[in-house]
Amino acid sequence: MVLENIGKPLVLRDVPIPEPKQGQLRIKINACSVCRTDLHILDGELPKPSLPLIMGHQIVGRVDSDSTRFKKGDLVGVPWLSKSCGHCFYCENGRENLCDAPEFTGYTLNGGFAEYCVANEPYVFPIPEGYPEIQAAPLLCAGMIGYRSLKMCENAKKIGFYGFGAAAHLLIQVAQYQKQKVYAFTRKGDTKTQESAKKMGALWVGDSEMDPPEPLDAAILFAPVGSLVPTALKAVRKGGIVVTAGIHMSDIPSFPYKILWGERILRSVANLTRQDAEEFLSLAPKIPIQTEVTPYPLEKINEALRDLKEGNITGSAVIIL
Ligand SMILES: [Zn+2]
Ligand SMILES: [Zn+2]
């Protein structure tokens, strides 16, 4: 399913099966989860996608070519970071997520809304035992980048989640495992999502504009809504941390300095490192993280994207091949 024009539905096309170049392997895809980033690419909110493009960066499939790291048939996953240069300031300082010359799956390189893809071997990960393909797919972005966001909350005990979609569904399980309490904020009046958050163990649920019952140690903004930044800053205590987890966000309105004062920290999370991926994939089966998925056949991807945009999905939308 190919993105040929920004803002237009993806179209079904027959394309050649991709040939891996040196250092790459080919994957026969079983499942690929849909991410909000795909919507941002589709809507032209990210700069210069290389069209025509096959999006999709939460890929699970079987190795389908010779490889130095894997056996043919191994179940592997491909996340958003597809390559980093290895020699820029960021790569040399353990922050390859900020690489100056990165490649991204389903953005600068064709991704997983297809039957086959190629991927750079060092950026491919074995899927842990016990995860069926479709259940594993959301771990690859919602899980991994969510996990990086949670790490940025440092040793917070009380954490607010603004937006309770795919990433929050996974992260609340990690938070509980780490004995952290989750306060779930949703769109005003979204009682369905609030009930689901409560069921998953949120200590408190409410509308995003409400004050939490007590000041929070940290907050993660999963919703790409800039006006939530001052809201979340007001909800955290002195020294509290607000993390924006999305790749794109609407403009942040100006706010009084006093809500940042008191050494509150406001920071974004960008992409992921391979270390995040490895840590998260070894943690997931220990918890064990359960994923809630809504499956769609490949040719229904436009419906999946629309449902995600309209907030009609509980958990993650996953394309199955
Ligand atoms: Zn993503
Ligand atoms: Zn680099």
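**Notebook: looking through a predicted chain**

I started with the inventory: the chain has nine helices and 15 strands. Helices here are DSSP runs of H or I with at least four residues, strands are runs of E with at least two, and both are numbered from the N terminus. Residues are numbered from 1 along each chain as its sequence is written, and chains are lettered from A and ligands numbered from 1 in the order in which they are written.

**Entry: overall shape**

I looked up the extent next. Along its principal axes the C-alpha trace spans about 55 × 40 × 40 Å.

Then burial: 47% of the 321 residues count as buried. A residue is buried if 20 or more other C-beta atoms lie within 10 Å of its own, exposed if 12 or fewer, and partly exposed in between, with C-beta atoms placed from the backbone.

I also checked contacts (C-beta atoms, placed from the backbone, within 7 Å). Among those between residues at least 6 apart in sequence, 68% join residues at least 24 apart.

**Entry: the core**

Which residues touch the most other members of the largest nonpolar core? I found F161, A219, I220 and L221, in a core of 97 residues. Helix 5 (residues 166-177) gives the largest share of this core, eight residues. Domain 1 (24-140 + 274-320) and domain 2 (153-268) both contribute, so the core lies between them. The domain bounds come from an automatic or database domain assignment. A nonpolar core means a set of buried Ala, Val, Leu, Ile, Met, Phe, Trp, Tyr and Cys residues joined through C-beta atoms within 7 Å.

**Entry: strand 11**

I zoomed in on strand 11 (residues 216-221): six of its six residues are buried, so the rest of the structure largely encloses this strand. What does strand 11 pair with? Strand 8 (residues 158-162) pairs with strand 11 in the parallel sense over four bridges, and F161 has I220 as its bridge partner. Strand 12 (residues 236-244) also runs parallel to strand 11, with five bridges; here A219 is partnered by V242. Pairing takes at least two DSSP bridges between the strands.

A219 also touches I159, G160, Y162, A232, A235 and V236, among others, leaving aside residues up to four places away in sequence.

Strand 11, helix 7 (residues 228-235) and strand 12 make a right-handed β-α-β unit. Right-handed means that, with the strands pointing away from the viewer, the path from the first strand over the helix to the second runs clockwise.

Most residues other than glycine have a negative phi, and most peptide bonds are trans. I listed the exceptions I came across.

- A cis peptide bond joins L51 and P52, with omega about -10°; P52 sits in the loop between helix 1 (36-42) and strand 2 (59-63).
- K48, in the loop between helix 1 and strand 2, has a positive phi of about 45°.
- I287 and P288 are joined by a cis peptide bond with omega about -25°.
- N271 has a positive phi of about 60° and lies in the loop between strand 13 (265-268) and helix 8.

Is K48 buried or exposed? K48 counts as exposed, because it has 8 C-beta neighbours inside 10 Å. N271 has 21, so N271 counts as buried.

Key. Predicted model: local features only at pLDDT ≥ 70, side-chain atom pairs only at ≥ 80, totals over all residues. Contact = placed C-beta atoms within 7 Å.
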